Amino acid sequence: MDSILDMIPRGGDIEREEKTYAGLVNLGNTCYLNAQLQCAYHVPYLRQLILEAEDEVVEVEVEVEVEVEDDEQQEDEKEGEVEVVDKSEPECNDTEEIKAEIENDKESEDLTESQMDGPDAVPPPKKTKTILKKEMKEEIKPISTALRALQHTFNSLRRSASSGSTNVLCRALGINPYLQQDGQEFWKLFVPEVDYSKLASLYSGYFEDYVREIVPEEDEMMELVAEDDGEEKKEDHHDEGERKESVKEPRERIRTEPFLDLSIPVAEGIDGSVESTLREMFTEPEILRVSEGNGWRPSKGAEKVDAFKGSSLKVEGLPSLLQLHLKRFKYDWETGETSKINDCCSFPLELDLSDISQSDDGVGAKAESDATYDLQSIVIHKGEYGSGHYYSYVRPDIRRNEWLRFDDEFVTPVEFSDVIADAYGGSRRTRRKRLRSDRSERIETPIKRRRGLLSRLFSLFNLFRRVPMIGSSSSAGGSGFGYGGRASSAYMLQYARRSDIPQLYLEEHD
C-alpha cells in the first residue's frame with residue numbers, strides 16, 4: 001500500500017496527473033468551512049505540510065529531586081577541629097601537659113576505631129537534603145487535535161473520487177454543523193487552534209501603525225530665512241549646512257500590528273477596487289492639526305504638535321499567502337441592524353504592492369519581486385447578513401488561468417469571466433461594464449449564445465431570469481449577474497506571493 005507521502009502530488013506531477021477534484025459534503029450549515037478549506041487544500045505545499053505533520057520528539061528542561069550530603073554537617077566538623085598554635089618558646093611544664101593530653105586522645109581514638117571495626121559496629125548517620133536539579137529530557141510533543149482532524153479531512157479529499165467530509169473535524173472542534181458562522185472570523189480562530197507554526201507562518205504578516213510629527217521641510221526653512229532677511233540671497237555651503245542641522249528629526253511612535261488577513265472596507269455607492277483601497281489605507285495618512293483641536297502629544301507634559309497618523313505596509317511583513325477580507329457587512333448604530341454592502345469592488349489577477357509597501361533595506365528590485373501577488377482563490381458570499389451561502393473559486397495551478405467552482409460537493413470548471421461576474425458585486429449594469437472591460441483587456445472574444453424565441457419573448461416582459469445550473473460553464477449569462485445571482489460577491493481573496501510560488505507549488509528546480 002502506498003504511503004501518504006508517495007500519494008501527495010509533487011512538482012511536475014501536478015500537471016501530469018489526472019485532473020480529478022473532490023468537493024466537501026455540507027453537514028447542515030458548514031458551507032463557510034468547506035469554502036475556506038478548499039482554498040487552503042489547493043496550495044500544494046500547505047497540503048503537504050498538513051499531511052506530513054506528526055508528533056515531534058523535543059528536548060525540554062525539567063526539574064528533578066536529588067538527595068545530596070548536607071554541607072552544614074561538614075562545616076560543623078570543621079568548626080570542631082582543634083587549632084594547634086605553634087609557640088616559639090613554650091614553657092617546660094606546659095609542654096609536658098600537652099604531650100600527656102595528646103597521648104590520651106590517641107588512646108581514645110584507637111579504642112573508638114576498634115569498636116567500629118567490630119561485627120556490631122554502626123557507622124554514624126550522614127545528614128542529607130533534597131534539592132531541585134535542572135536536566136534536559138526528551139519528550140514527545142503530540143500534534144493538536146485540530147491538526148489531526150484536519151489531516152483526516154485532507155485525506156478524505158485526496159482519496160475520494162466524489163466528496164470529502166468534515167465530520168471528524170467538526171466533532172474534534174465542537175462545531176455545531178447546523179449553526180452558520182462567518183467565514184472570515186472562523187478562519188482567524190481556526191488557524192491558531194490548529195497550533196501548527198508552519199501553517200500559521202504562511203498567513204502571518206504585519207504592518208506598522210504610526211503617529212509622526214510634522215516638521216518643516218528644508219525648502220520651507222530656507223523660505224522662512226529669506227523672508228526674515230527681507231530678500232532672497234545666495235547661500236554658501238556653510239550656511240546651508242547649518243540650516244540642514246536646524247531641521248530636526250520628527251518624533252514618532254510606531255506599533256507593529258500582526259495579521260492573518262487584511263480587512264478592506266468596501267465603498268458604498270461607487271465602483272471601488274482593492275488596489276485603490278489598499279493605497280488609501282497605507283499611503284494616505286490622517287493629519288492631526290492643533291489648529292483644528294486635534295494634534296498629537298509626543299510625551300507626557302509635552303505640547304501638542306501637528307502629526308501624521310496612519311499605517312505603513314512593509315515588504316518584510318508580507319506573508320506568502322495574503323488573505324484580503326472585503327468588509328461587506330456593516331452595523332447601523334441608529335437602527336441596531338447589520339446589513340450587507342453588495343456594491344462593486346474589483347480586484348486584479350496580479351496584485352502589485354510595490355508602490356504601496358515600503359522596504360527597510362531600500363532595495364527596489366527586491367521590494368518589487370516580493371510585493372507581487374497572483375490570485376489563487378476567492379470565497380463568495382451569496383445572500384444577506386444572517387443568512388446565505390458560501391462557496392469558493394480556486395485556481396489549482398496558479399501558472400494557468402483555469403478555475404474551478406467548489407460549491408460544497410459540486411465541482412464545476414468555469415472561465416475567469418464567470419468568476420468576476422459572480423465576485424465583483426454591484427448592479428447589473430456595473431457587472432456588465434466590468435465584465436466587458438476585463439474581457440477587452442485580455443483580448444478575449446465573448447461567446448454569443450442564441451436564445452430561443454420564447455426566452456426572448458418573455459424577457460421583454462421581464463417575467464423570468466435565467467438562473468445558471470450547477471455545472472454550467474457560462475454562469476454570467478446575459479443577465480449580468482453570476483452564478484449566485486444579484487446578492488453574490490467576493491468576501492475573501494487569497495493571493496500567493498510570486499517569489500514564493502516555486503515553494504508553494506513544489507516546483508522542481510534544475
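First, the rule I used: a salt bridge is a side-chain nitrogen of Lys or Arg within 4 Å of a carboxyl oxygen of Asp or Glu. I kept in mind that this is a predicted model.

Entry 1. I looked up Lys330 and found a salt bridge to Glu268, with the closest N and O atoms 2.9 Å apart. Lys330 sits in strand 12 (residues 329-332), while Glu268 is in the loop between strand 7 (262-265) and strand 8 (272-273), so this pair ties together parts that are 62 residues apart in sequence.

Entry 2. Next I went to Arg400, whose side chain meets that of Asp397 in a salt bridge (3.8 Å, N to O). Is Asp397 buried or exposed? Asp397 counts as buried, because its relative accessibility is 13% and the cut-off for buried is under 20%. Arg400 is partly exposed, with a value of 35%.

Entry 3. Arg399 lies in the loop between strand 18 (389-394) and strand 19 (403-407), and Glu507 in the segment after helix 18 (501-504), so the pair links parts 108 residues apart in sequence. I noted Glu507 as partly exposed, at 26% relative accessible area.

Entry 4. I also found a network: Asp209, Arg255 and Glu257 are joined by salt bridges that share partners.

Last, I wrote down the total, which is eleven salt bridges by this rule.

How values were computed
Residues are numbered from 1 along each chain as its sequence is written. This is a predicted model: local features need pLDDT of at least 70, side-chain atom pairs count only at pLDDT 80 or more; totals for chains, interfaces and linings use all residues. Side-chain values use heavy atoms; hydrogens and water are left out. Helices (H or I, at least four residues) and strands (E, at least two) are DSSP runs, numbered from the N terminus. Buried means under 20% relative accessible area, exposed over 50%, partly exposed in between (1.4 Å probe, protein chains only).
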